[in-house]
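Please look over the sequence and the model below before reading on.

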Amino acid sequence: MNASGTGDQGRGTRGTRRETQDQGTRPDRRGEGTRRERRDAVVVPEAEFRSYYGRPIIKAPVWRYDIPAYLFTGGLAAGSALVAAGGDLTGRPALRRAGRLTTLAALSASTYFLINDLGRPERFHHMLRVAKPTSPMSVGSWILAAFGATAGPAAVSELAPLLPRRGPLGLVRRLAPSAGRVAGIGAAMIAPALATYTGVLLADTAVPSWHEAYPELPFIFAGSALASAAGAGLIAAPVEQTSPLRRLALAGAAIELAGAHSVETRLGLLSEPYTTGRAGRLLRAGRTLTALGVAGALLGRRSRVVSALSGAALLTASALTRFGIFAGGVRSAEDPKYTVGPQRNRLTGRENGRERR
Amino acid sequence: MPQQDLVNADCIVIQGSNMAECHPVGFQWVMEAKARGAKVIHIDPRFTRTSALADLYVPIRAGTDIAFLGGVINYILSNELDFREYVLAYTNAATILNEDFRDTEDLDGLFSGYSPKQRAYDPTSWRYQGRQQAASTEDATSEGMAIHRQTAAGLEQESHGPPVPALTERDETLQHPRCVYQILKRHFSRYTPEIVEQICGVPKKLFLEVCEAWTRNSGRDRTTALVYSVGWTQHTVGVQYIRAGAIIQLLLGNVGRPGGGVLALRGHASIQGSTDIPTLFNLLPGYLPMPHHAKHPTLEQWIGDIHQPGQKGFWANARAYAVSLLKAYWGEAATADNDYCYDYLPRLTGDHGTYRQVLNMIDGKIKGYFLLGQNPAVGSAHGKAQRLGMANLDWLVVRDLYLIESATFWKDGPEVATGEIVPTECRTEVFFLPAASHVEKEGTFTQTQRLLQWREKAVDPPGDCRSELWFFYHLGRIIKAKLAGSTLPRDRAILDLTWDYPTHGPHDEPSAEAVLKEINGYEVATGRPVPGFTELADDGSTACGCWIYSGVYADGVNQAARRKPRHEQDPVASEWGWAWPANRRLLYNRASADPAGRPWSDRKAYIWWDEEAGQWTGYDVPDFERTKPPDYRPPADAAGVEALAGDDAFIMQGDGKGWLYAPTGLVDGPLPTHYEPAESPVPNPLYGQHTNPTRMIYDRPDNQLNPAESEVFPYVFSAGRLTEHHTGGGMSRTVAYLSELQPEMFIEVSPQLAAERGLTHLGWAHVVTARAVVEGRVLITERLRPLRVEGRIIHQIWLPYHWGSQGLTTGDSANDLFGITLDPNVLIQESKVGTCDIRPGRRPTGPALLEYLADYRRRAGLDGASGPNGASRSSGRRRSGGRTDPGKPGRAAGTRRRGKNAGAEGE
Amino acid sequence: MGEQSPASAGYQQPPPRMGFFTDTSVCIGCKACEVACKEWNQVPDDGLNLLGMSFDNTGGLSANTWRHVAFIEQPRNGDTGSGMRWLMSSDVCKHCTRAACLDVCPTGALFRTEFGTVVVQEDICNGCGYCIPACPYGVIDQRRGDGRAWKCTLCYDRLKADLTPACAKACPTASIQYGPLEELRERAQARLEQLHEAGETSARLYGHDPDDGVGGAGAFFLLLDEPEVYGLPPDPVVTTRDLPAMWRRAGLAALTMAAAAVVAFLGRRP
């Protein structure tokens, strides 16, 4: 605990305020409804607000790195399912295979992250006890289950050439491609839901910067999923088959950046956690790498190396974006001003509205 | 008064108490009163949880309450706001004093009769003028009063009137210059609002607000209740604090009335019981005094001293109470021929108070010590003396729920770190016996409103834990067995003790109910429980363990176990538990009716005379003979109970009146007088006499007090309680749920003091006095405010006293800071105010700590060194030149002895 | 969205909805509620930490503190003799009519009892942690070393036995009042009027209004200053209120994503 000095006898919390910008709040000495002034000049200064010793009002998520990691791998899996199906239906077997295998790998990683983050991992199956539309996590669990049930067989079907030609297994070998196609299309149809429900997952909390960003988050995640899947494909597949990926990367980046820009400018005070501090750094880095990755994807059409580097950039960018969004939200939960300020404004607005009537 | 009676108050003054903090459950009645519109006033050195719920908070300098209360008395008398009819009828306001009396106004802070040699008063000149003088007792000399002080005889007077003549001379017009009313007026005439501001640091406006609220809410239709606790008692003038409060309540006619009176909040759940059935050296059960070897060689002399011939009141039957007690102790062996074994009773030879004992332990005079549910290493003043004393015994038996600091001091007390106690060389053999908690045994609690409540046993105690009853019963049984067959006379006292309680269970637990029956009293021949103390006999036909409890087992029913819910009876709730005496809930309730027996007002009706039925009736048991009519006037030669008139509401006083002026019984004066605390940063602006001239002093090198107005110890400090912890901490710092609520020892300071001394919030600081250094974490708070006192800013510091070296949370013990100086009437230590210094950072450890303290003492002029003014000093003296203490005004300090133990000092 | 009353939660003939009214104007800060709750529910201690927040050393509601007493020292100038106000308030789970924690729980561990309270079934909770950031008051929390989410149960076991919750039972000044919610709301309104008439104009009710963002709280308060002074949100809204809009946006984003994929793959074959 940092104790603020005794110099300022009245409402003095300025010293504490400076510390809290980057590190989260420190409770300060007196909770007389401590008044704080925002001294960050980036956005329009808000009115003074009061808090209980600078302590957070809501609880920040207890999730660790597993959840932003899952956001990344889940998006990657979803995007890759689309890539795989697209490759399958347009005669690009390398894309199909790369897509399906990336999907499986990302899906497995996703499952690991989700189970690992549970307080009681051995009870992960409790997620499927109920199906609750009011719980994005419940909906998402079922989406994930359905996706796994389709993307899994689709990926497994790629192993068909390993089977013998004759006998019952030979039958399986012959049926595999069609079964895989059906499964793959199924996965591709579920994929958009998988990529976007996570936006609702974060938004459906009291975390101010997530909740207010609910219009944008699904778009940001969708765009990021597409870009990351394109990036994976650019690494894995030969350049001849990757032209759709370049278009996909461009589209994904555009969607993502549009959403990010809106989040960083539309939300007033609640944009601040995304533009400052650690979250700000992560998101800016992600944006830069996205831009580089897209540029490289478009310009490095013929070079496997440039394509691969671009792909790596896009993958990294997607991860950074997820971690940045996550960190921004956590930040907005930890500092009470992000909860108190907008709510107080809302109340005042309602009261004024009532008076005018 | 019972706590729930507070709901009837129109105004509640809480002073010397942090009621919400320390009696949170009782405080609900204050909240209920508030909900009904009562005004709550809290007067305290610091703004506490009580202040938070009060309507008015008054900050005051610790140790100056008499100045404040004197100011209120002055306000009442100057503006003639006293409840005149009540005052005339029920107090001694009209009584005329004899002409030899001199007041503090005449003698610059002393009353007539002071002997500097004895440091005590001869109270002869304080007496009433009257045809019948009290028979001269040895108390009526200064030597006698010195013994009175040693034996804390003031305690005996707690519930009965000291010797006075039954009929007194009175002036009903209250104009006679020597009537109590005029004496009172003169005595407090200089206690003006200006002086109150000067001494107490209370702004005039605030002080007057209190006066107005208090007087406005008193009278026929309205009553004000006064609540106090150890913030008043733990002072060298503690008894006089309470006297001052009582004077106000008598003047305003609040005593004995619903929502009025004085509520003494006691410190533990059953500590009232521990003075009723006492664990005090100078009392026997029911406040009978322990006999003194020189004053009471025979039974008759002893009883004659308890009750003077010609006095009024219920102490007239002292012989019955005393003989019944002796019969309870020695049963068949106690007969009229041997004065009921009176010679078996131990005798006092002087001061056997707990502090005297500890100092005697240090001096090697005491071999063994039983410590039962008490933790003096943390809870008593001058912790070092406590621990060094206990380290110099042959054996020590500690019974408690946990290994408290008083059992482990020899290995982890502060003196081990400094080298003053070496564990391998400490000669005390410590026996620790685990005790049963209160849910693991049955018995009664007697709590703050004299209410006995029986508790059932809920679970068996674990392992070797045993109840106190089991311990003492079997200890006595074994000692008796060991002494069996002895022919030594001195062993007869133990061998003849009745000790035949039935036991039960696998551990032979004695029956608590059997003990309660014995306490109630019974007819020896038949075993029938007596219905009350009026049926006790003085011829050995009854036995009774405690006469004031007589009635608790009336009709063979455990009255203390009654639990009729409050929804099924009136608010007085007489059928819940049993209160002594005789289940009277509000004492002196005769005063709730006027002299003619009618309630003063309908709104404040409580008991009244029913002419048709020929008896007193109302909401409570009348504290008066039920059938004595209000117009009864005793014959001229009546004595005892018969001498009480129909309007003598104060039935325990020798003259049947409430005492505004106390002609006898108190060591330090008939009227409260503002004296500074023994350690004070400022002079006494009212008198040359700085501190209480009769306070108990133990003048020795290991008990030095900070000199007055010392620049080395410029701050005032006090210690007190937190709700979350319990006394010495044995029952709270061992429990995680409580320890997490207040997890560390801390020190509260104002922001101004923090700035002055460079203290930071949650940083470390240490407080220094002549005795000890105590460290803690700093809590800067505006609930403590600097006060403007006598033209200076005085800073006050506050520490919780709960911490020690054992438990989940450990820390230094605040009471180590206090020295030992006591109220002369009851030998309670002054542990609510002292002077100190405070410095940032942790204290030194090891031998460096002793050097640090020695340096402080040197700089303050103690230990024989020169002080800042160049004059040699001893403990507690003022600087030379100017007015000094004690003795005649103008004498220099040099006449005081230094550092020697002297018999005249009460040692 | 979300269960709103015991009847709508599917109970046949449920008892009346029960709740708390905490009148902080009579709180004496004794913390009996904190201790009674822990004793009854066998909740672990929250660590021994001197926080220096006046007399508050437990900090806030958490998995191990289900009743939390806040202390706010407010020095005041002016000549009301006190010169000081010390607010004390016992905080607790609000048992919202529209409870976000309940809405978002994916395992069904959180459920609405027949008394209208919200309780976690600890044999089902798998510690996913979703309820924790969902609560607009920051009540529910994950217990370290245990992994599951814990919060006040409104002494569900005591309610079933027709007893009063431990905290209400222990409170010496009836700051914590337990009873049927309707009755408590009436009582609170009367108390508010009484305080306003006595000149205590800063008194206000919090969480009492069935039209507020959480549909009214099952545990509501009388405060003497703004909610944020006590660490409470000024205008809490159950996050689920915006959920339909969120799903719509997600649907739109999903379609956009699919369209982008289709467009990307249209065009010439290799």
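Two residues are said to be in contact when heavy atoms of theirs lie within 4.5 Å of each other. With that in mind, 81 residues of chain A are in contact with 86 residues of chain C. The model is a predicted one, and the points below are grouped by topic.

**The interface of chain A and chain C**

- Between chain A and chain C an area of about 6,500 Å² is buried, and carbon and sulfur atoms give 61% of that area.
- Side chains of opposite charge can pair when their charged atoms come close.
- Six salt bridges are found across the interface of chain A and chain C, while the structure holds 77 salt bridges over all chains.
- Arg346(A) lies in helix α12 (residues 337–356) of chain A and Asp235(C) lies in the loop between β10 (219–223) and α7 (243–265) of chain C, so this pair joins two chains.
- In the salt bridge that Arg346(A) forms with Asp235(C), the closest N and O atoms are 2.7 Å apart.

**Helices α3 and α4 of chain A**

- Helix α3 (residues 93–117) of chain A and helix α4 (residues 136–157) of chain A have axes that come within 9 Å and cross at roughly 140°, which means that α3(A) is oblique to α4(A).
- The crossing of α3(A) and α4(A) is left-handed.
- On the side of α3(A), the contact is made by Arg100(A), Thr103(A), Leu104(A), Leu107(A) and Leu114(A), and on the side of α4(A) the residues include Leu144(A), Phe147(A), Gly148(A) and Ala151(A).
- Sorted by class, the contact of α3(A) with α4(A) has eight nonpolar, four polar and one charged residues.

**Helices α4 and α5 of chain A**

- The axes of α4(A) and helix α5 (residues 167–203) of chain A come within 7 Å and cross at roughly 155°.
- Because angles over 145 degrees count as roughly antiparallel, α4(A) and α5(A) are therefore roughly antiparallel to each other.
- The crossing in which α4(A) passes α5(A) is left-handed, and their contact has 19 nonpolar, six polar and no charged residues.

**Helices α2 and α11 of chain A**

- The axes of α2(A) and helix α11 (residues 304–334) of chain A come within 8 Å and cross at roughly 140°, and α2(A) and α11(A) are therefore oblique to each other.
- The crossing of α2(A) and α11(A) is right-handed.
- Residues of α2(A), among them Ile67(A), Pro68(A), Leu71(A) and Phe72(A), meet residues of α11(A), including Leu315(A), Arg322(A), Phe323(A) and Phe326(A).
- The contact of α2(A) with α11(A) divides into 10 nonpolar, two polar and one charged residues.

**Details of the backbone**

- Most residues other than glycine have a negative phi, and most peptide bonds are trans.
- Tyr53(A), although it is not a glycine, has a positive phi of about 55°, and Tyr53(A) has its place in the loop between β2 (49–51) and α2 (66–89) of chain A.
- In chain B, Trp580(B) and Pro581(B) are joined by a cis peptide bond with an omega of about -10°.
- Pro581(B) is found in the loop between β19 (578–579) and β20 (607–610) of chain B.

Terms used: Residues numbered from 1 in each chain as written. Chains lettered and ligands numbered in written order. Predicted model: local features only at pLDDT ≥ 70, side-chain atom pairs only at ≥ 80, totals over all residues. Heavy atoms only, no water. Axes fitted to C-alpha atoms, helices over the stretch in contact; angles between N-to-C directions. Helix = DSSP H or I, 4+ residues; strand = E, 2+ residues; numbered from the N terminus. Parallel < 35°, antiparallel > 145°, perpendicular 65-115°, else oblique. Left-handed = near helix turned anticlockwise from the far one by under 90°. Nonpolar A, V, L, I, M, F, W, Y, C, P; charged D, E, K, R; others polar. Buried area = accessible area lost by both parts, 1.4 Å probe. Salt bridge = Lys/Arg side-chain N within 4 Å of Asp/Glu carboxyl O.
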